[in-house]
Amino acid sequence: MQKSNHFLTIILVFLPTSIALSIYGYIGTFNRLLGDSLCSFYYADRLGLFRSIWYWRITWSGRYSAYAFDWLTTIFFDEYNIIWFTPLILTFWLVINTLGIYLLFKQLDKNNVWISILLGVLSVFAILVLTPTIEQSFFWIDGFRAYTLPSIVLGMYFVLNLVFHKKIKTKFIAFVLAFLLFFASGGLSETFAVFQLCLIVFWIGYYWLSELPKEFDKNLFIFLIGSGLGSLLAMIVVATAYGNSVRQSFFPPSPSLIEILSISFNAYLNFWSGIVLNPAKISILIGVVLFCVWVGSLYKTEIVNAKRKIILQILGAFLLSFICFPPGVYGYSEPPPDRVLSIAVFIIVVLLMSASVQVGNLLSEKFTINRIQSHVVLWASILLIFFASWTDANEMYKSKDIYIEYAQKWDATDSLIKQAKLDGKDVVEIPADPSWAGMDLPNQNPNHWVNECYSYFYGIQVFGPPR
């Protein structure tokens, strides 16, 4: 394509999506420590890394990496500079996705910076738009580290694999590194522990069916085996935590296997109907797919077993996204909370984008795509992406007042509690201010978990208003 067309494409795709993403970052500056986050910060700071992990393991759940992340977060952030958490995380996520795509496309085209930036931005934006409850899965820190952080971690692993894959000569080192990395990430949440193991099993099967025996890579195969074993151990460690039975006592008994699958299937259909029936969601999904098809058509490189890879990746997008539902149904005895589904959205976006690039590449090999056909696909994708960006940015900007008002109320409550403590009071009563994340509110019960989190964090008994 001509440079002028390249520049126009960059502007029309990058500008609206980056504006929408900047609104996410802006809203993130009004984030505060909500509900569970107060307890997470308190125990991470008071008990340290290993003791806090053990405390939560015997009292609530076995998410060892999630609690390690809490400890790490307390080192860099406190209740005041936590406002920079979301913007920094969002920036890091964009860099990771862009770098991974750049390294992948570098094998085909060394001058692919602009393509990598566009696909990196689109991948993050599509995940955020398609995620059902962005409040709990992205802005709320405890929800973020359990359900969105895993997506970023997998992107980091992909980058590390592309950078160091050929530099690691010893199979044993590749095995150990893979084992340790996936064991670490498997401790972020129960859903991700199961999903990650299924992802590795799928990838081993995918590699075997689409690459072997023509492109057999022993280091990669050993890496996958190590990843699978690390994921399996992570799932066992998370599942055997004593705290799971404590948490499970708050929910009805787990359904039978048939009931779990039935509830999961119905919830999965509702999940997809939420995408298909939402104009912004379906527009960004189709727009990104078409844009990736156009990108793939720019390259005239023969891909080994291209048709098989495309079919397997599309099947993987649906099968692996469904895997996120049964663990939640088992734990909650009902469809999993929407915040859990960011993991499902992640794998759908990644695999459909990858398959679409290969579809475009295959079409360019088998058929002569003229300039008009190429422009039709490109402009259709641009229009859909622009519509989704404008719609989502508009909705997010309108909702900013909710975040701003709550931040002001949180700051006032924070000052109220600290002033009461300075005045030597033993008890303080605070107003009930519902948060945008839908957290439980303090009440008059000192044993209520919200009251305990506030009281531990501030070092004074905190009550909510009487009903």
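Angles under 35 degrees count as roughly parallel, over 145 as roughly antiparallel, 65 to 115 as roughly perpendicular and the rest as oblique. I kept that scale at hand today.

**Ground rules.** I am working with a predicted model, where local features need pLDDT of at least 70, side-chain atom pairs count only at pLDDT 80 or more, and totals for chains, interfaces and linings use all residues. Residues are numbered from 1 along each chain as its sequence is written, and side-chain values use heavy atoms, with hydrogens and water left out.

**Entry 1: H15 and H17.** I looked up helix H15 (residues 306-323) and helix H17 (residues 342-366), which pack at about 165° with axes 8 Å apart. Helices here are DSSP runs of H or I, at least four residues, numbered from the N terminus. The axes are lines fitted to C-alpha atoms over the stretch in contact, and angles run from 0 to 180 degrees between N-to-C directions. H15 and H17 are therefore roughly antiparallel. Their crossing is left-handed (the near helix is turned anticlockwise from the far one by less than a right angle). On the H15 side I noted Ile 310, Ile 314 and Leu 320 among the residues that meet H17, whose own share includes Ile 348, Leu 351 and Val 359. Contact means heavy atoms within 4.5 Å. By class, this contact has 13 nonpolar, five polar and two charged residues. For the classes, Ala, Val, Leu, Ile, Met, Phe, Trp, Tyr, Cys and Pro are nonpolar, Asp, Glu, Lys and Arg charged, and the others, Gly among them, polar.

**Entry 2: H5 and H14.** Next I took helix H5 (residues 113-130) with helix H14 (residues 279-297): an angle of about 160°, axes 10 Å apart. H5 and H14 are therefore roughly antiparallel to each other, and this crossing is left-handed. Trp 114, Leu 118 and Phe 125 are among the H5 residues in the contact, facing a set in H14 that includes Lys 281, Phe 291 and Trp 294. I find 17 nonpolar, no polar and one charged residues there.

**Entry 3: two loop residues.** Ser 333 sits in the loop between helix H16 (325-332) and H17. Its phi is positive, about 60°, although Ser 333 is not a glycine. Ser 333 counts as buried because its relative accessibility is 18%. I also checked Ile 168, in the loop between helix H8 (149-164) and helix H9 (171-185). Leaving out residues up to four places away in sequence, Ile 168 touches Ile 173, Ala 174, Leu 177 and Asn 219.

Key. Buried < 20%, exposed > 50% of the residue type's maximum accessible area, 1.4 Å probe, protein only.
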